[in-house]
Amino acid sequence: MEAALKTYFGYTGFRPYQREIIQKIMEGRDGLVVMATGSGKSMCYQIPPLVAKKTAVVVSPLLSLMQDQVMSLQQRGVKSDYLGSTQMNSSVASEAEKGLYDVLYMTPEKAISLPSRFWSNLQASGICLLAIDEAHCISEWGHDFRPEYKQLHSLRDHLVGVPFVALTATATKRVRGDIATSLNLSSPHIAIGSFDRPNLFYGVKSMQRSMSFISELVKDVSDTCTVGGSTIIYCTTIRDTEQVHEAMIAAGIKANIYHGKMGNKAREESHRSFVRDEVLVMVATIAFGMGIDKPDIRSVIHYGCPKSLESYYQESGRCGRDGLPSVCWLYYQRGDFGKADFYCSEATNATQRNAIIDSFMAAQKYCLLGTCRRKSLLQYFGEECATDCGNCDNCKSTKTERDLSKESFLLLSCIKSCGGRWGLNMPVDVLRGSRVKKLVEKNYDKLPMHARGKDYPPNWWKALGGLLIAHGYLKETANDGYRLVSVSPKGAKFLSDGGTPLFLQPTAEMIELEDHGSSQHKEGDVNPLTTVGSEKISEEEQKLYQMLLNIRTKLARDIGTAPYAICGDQTLRHFAKIRPSTGARLANIDGVNQHFISRYSGIFVQSITQLSKELNLPLDDSSGVEEMVSVSKPANSNLPVKLGGTRFTSWDLWQNQKYSFKKIAHFRRAVPIKEQTVISYILDAARDGCEMNWNRFCEETGLTPEVASQIRLAIAKVGSRDKLKPVKDELPENVTYDMIKAFFTIDDLGMSEKAFGNIPTDGARRAESPNPCSHESEAVENGGKGDSVIVAGVCDSSPTTKRSHTDVAPAPADEPVKKLQKTDNGSQGDSVIIAGACDSSPSKKRSHTDVTPAPADEPVKKLQKTEEQGTGSTSGAVATEEAILELAESRGGVSLEDAVKHFSGSKRESVVALLESLQCNFAVYEKHGRFLVL
Ligand SMILES: Nc1ncnc2c1ncn2[C@@H]1O[C@H](COP(=O)(O)OP(=O)(O)OP(=O)(O)O)[C@@H](O)[C@H]1O
């Protein structure tokens, strides 16, 4: 599974839930998957066909969505197409029947109208699953009810024994029940992930629909465009859509329009050019909604209150699907709240009407909220969240007033000097030191306050202007449709008093802009380079990133695809930060897949080399790796997406450099981190499959066999180990949390007996352990004084893959049991235990292009005894690609140093070159300093 993930998608690790869901599908089990937009649901049905080499049929509600997905998959070398009314190629159906596609999309209408012959032929050719995407369309309580979805259960008769998997991002409990019943899901595996999208900023503002407000909107959007970010503006009516669109065009912004009254062709073209970055702004009604698969949308603006919180979540969720910081603003007018009747006209019965009114009221409540918006959104979907998010307008606004007299004085005097004949834009331009033509013509560049306000971005000054209006220091008047701002008598008095202290409560927007420094921030900053994490990329690197974006756009145009289908923004940011000088180095970067390497690596490596030279940036900046990993992680993310840079570094320092916890805590840090944090990082690494010297670890944490046995007893007493505290409370003071955490990890990885010996255990309890992946290990002889080294495989049911508490599905009785086998490496060397990574284990030799999985019912995996004497029994062994592959395979991965040591008959450079060549050919990939076989 991991091999397919890297080969086709370029990713080295699954996101939470993905692995478990895929595993269950492969076992033939029905499924219900409710996970946030952008969390990676598609991957759950795209991987099984690549592993099983059978077709996955995906029912999807929108042709445009299917076309996008097909385009992306084709760019990744996955055979994919769709069946629907706009499919012009008549051979797709017949090819599909023959099982020639990995992933075949179809509309629900098509699915229920295909003849039974089609399905029986496809079943004979091989079909591994039927996925029902956007499954909430099945329910009348969902926000996008589609009657055809209700008929999909009829496919059950044609596809006996084929797992049905329903996927959606938005389903309340009621909707989930409807989906399971309607599709006759049989004992489905239910996975419910968090609805949280930590990289999204949520904000709400009240507005008055007016040309002046639209002008402000235009300015904000144009700022976003200058930094290359895409924006969707959702309007509630076609009239609004047209008005906003016209304003954008009039301001010279390339914007598309999309609504239900446009013809199919015009809509398709509008969608196509937006997806391909030919235009960066889409002004649309919600007809342009569900399933927009563009990962790099930086801003979604709702111009008007949405009809429900479900649709708001879904539409705003189009934003930042690549995990980069992005913003969602909702502008509402109180008048919007009277629109319930308008939405109710869609209802055909009382149930639907009630559902619509309920949903609309929830959306209104969201608009008027004074508390954390994310918390309220999550609560609406049944998810409790203990703390405020810190990443919404309400969380960002502080309740403390501040002395803003200096800034207010500057703005008021500037407005006064400009004669009160302008809105806020002109005086703000003066403060910011602009030299636009109009400003210079008026000689405003000669004013003493010209360029005195550079410390704050334009929108900060505008927000202060709004504040001064609200407090009566400025007054706003309408003149010929223009808003003019002038100093009021109260403001004039303040000026004449010489700016006496003026304490005001800064707005959320001002605080947001201050938090992000003085760069070109704007309302709800949507510039991925200036939002969270931007500090980590230097100015020169930003330039390089921008150049790489342009190269990607050009490439995409040349080959007629969307830029994101070539590779994601995040991947380009990694390129700009690391600046790989060879194809092999580039291949290691997350998001680079085999297709990309074979087609584009040359162009990118060449461009990176040349541009880096021009920008005076060194190549192969390994220090960029750690930083990029943290940059790439969403702010406040609590999802263990994959082992991050700091975790990896901590583990590496501990395991390989033999640093103490204390030394690691201080390593290259002005302010040290806590030792407990270091320990947690190392334990995370162990869970992620990193090699661990448990003997040393237990010694350093003080986790003796006696303590382990005390912990066991405490767990038995508490009856569960879901929480640390109750277990801790049962233990003597000297047993620390670190010891308990270490114990849990060791136990979860099935290493207890190795680490603690045959301590008294209640075997019965262990058999009842909720961990479905039980590891049985045999004693390992630790010959001589060497350390025991255990390489723990990443188990499919690893505890890092958190199960939803609502997942009531039992683990199958025949879950594979992993055995550890004794290995003996002589008297001086280390004992080595290599536990197979459940699926990806190279326990049997496979060709690197063969991504066929181990069968679901794979028997107990045994580990072969490895014989090594001292530091290299194969002294004099000569490195070849095959020999390296064999070595890496037999060890479940090998570091460069180990390979060099092993092949002592070859020069280090030859081993390096061979490894690079293997990487380039995707025979191996590097993860955490180890080369793993694909
Ligand atoms: N394991 C992974 N590692 C890194 N990126 C991933 C992984 N899985 C998915 N992604 C990326 O995350 C993005 C969102 O994935 P995907 O389109 O599957 O989300 P989704 O849950 O189907 O969203 P939606 O409900 O909005 O359709 C894509 O760009 C995808 O390539």
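Mentor: Helices are DSSP runs of H or I with at least four residues, strands are E runs of at least two, and both are numbered from the N terminus. Keep in mind that this is a predicted model, where local features need pLDDT of at least 70 and side-chain atom pairs count only at pLDDT 80 or more, while totals for chains, interfaces and linings use all residues. Residues are numbered from 1 along each chain as its sequence is written.

Trainee: Why is I715 called buried?

Mentor: A residue is buried if 20 or more other C-beta atoms lie within 10 Å of its own, exposed if 12 or fewer, and partly exposed in between, with C-beta atoms placed from the backbone. I715 has 22 other C-beta atoms within 10 Å, so it is buried.

Trainee: And what does I715 touch?

Mentor: R721 and V727, not counting residues up to four places away in sequence. Contact here is two C-beta atoms, placed from the backbone, within 7 Å. As for K728, it is 13 residues from I715 in sequence and 9.1 Å away, C-alpha to C-alpha.

Trainee: What makes E27 partly exposed?

Mentor: E27 has 14 C-beta neighbours inside 10 Å, so it counts as partly exposed. E27 is in the loop between α2 (18-26) and β1. Its C-alpha atom is separated by 9.9 Å from that of C128, 101 residues apart along the chain.

Trainee: How much of the protein chain is buried?

Mentor: Buried residues make up 50% of its 934 residues. The chain has 41 helices and 25 strands.

Trainee: What makes a set of residues a nonpolar core?

Mentor: They have to be buried Ala, Val, Leu, Ile, Met, Phe, Trp, Tyr or Cys residues, joined through C-beta atoms within 7 Å. The largest one here has 175 residues, and V33, A131, A166, V281 and V283 touch the most other members. Helix α3 (residues 41-52) gives the most to this core, with 7 residues. Another core lies apart from it, with 33 residues, among them W654, A686, C698 and A714.

Trainee: How do you know that the buried residues of α9 are on the same side?

Mentor: In helix α9 (residues 173-182), the buried ones are V175, R176, D178 and I179. They cover an arc of only 160 degrees around the axis, taken from the directions from the helix axis to the C-beta atoms, so they are on the same side of α9. The buried residues of α9 pack against β1 (31-34) and β6 (164-168).

Trainee: Why is α32 called roughly parallel to α36?

Mentor: The axes of α32 (residues 675-687) and α36 (residues 737-748) come within 10 Å and cross at roughly 0 degrees. Axes are lines fitted to C-alpha atoms, for helices over the stretch in contact, and angles run from 0 to 180 degrees between N-to-C directions. Under 35 degrees counts as roughly parallel, over 145 as roughly antiparallel, 65 to 115 as roughly perpendicular and the rest as oblique. That makes α32 roughly parallel to α36.

Trainee: And what makes α18 roughly perpendicular to α21?

Mentor: Helix α18 (residues 405-417) and helix α21 (residues 458-470) pack at an angle of about 90 degrees, with their axes 10 Å apart. So α18 is roughly perpendicular to α21. The contact is made by E407, S408, L411 and L412 of α18 and W461, L464, G465 and L468 of α21.
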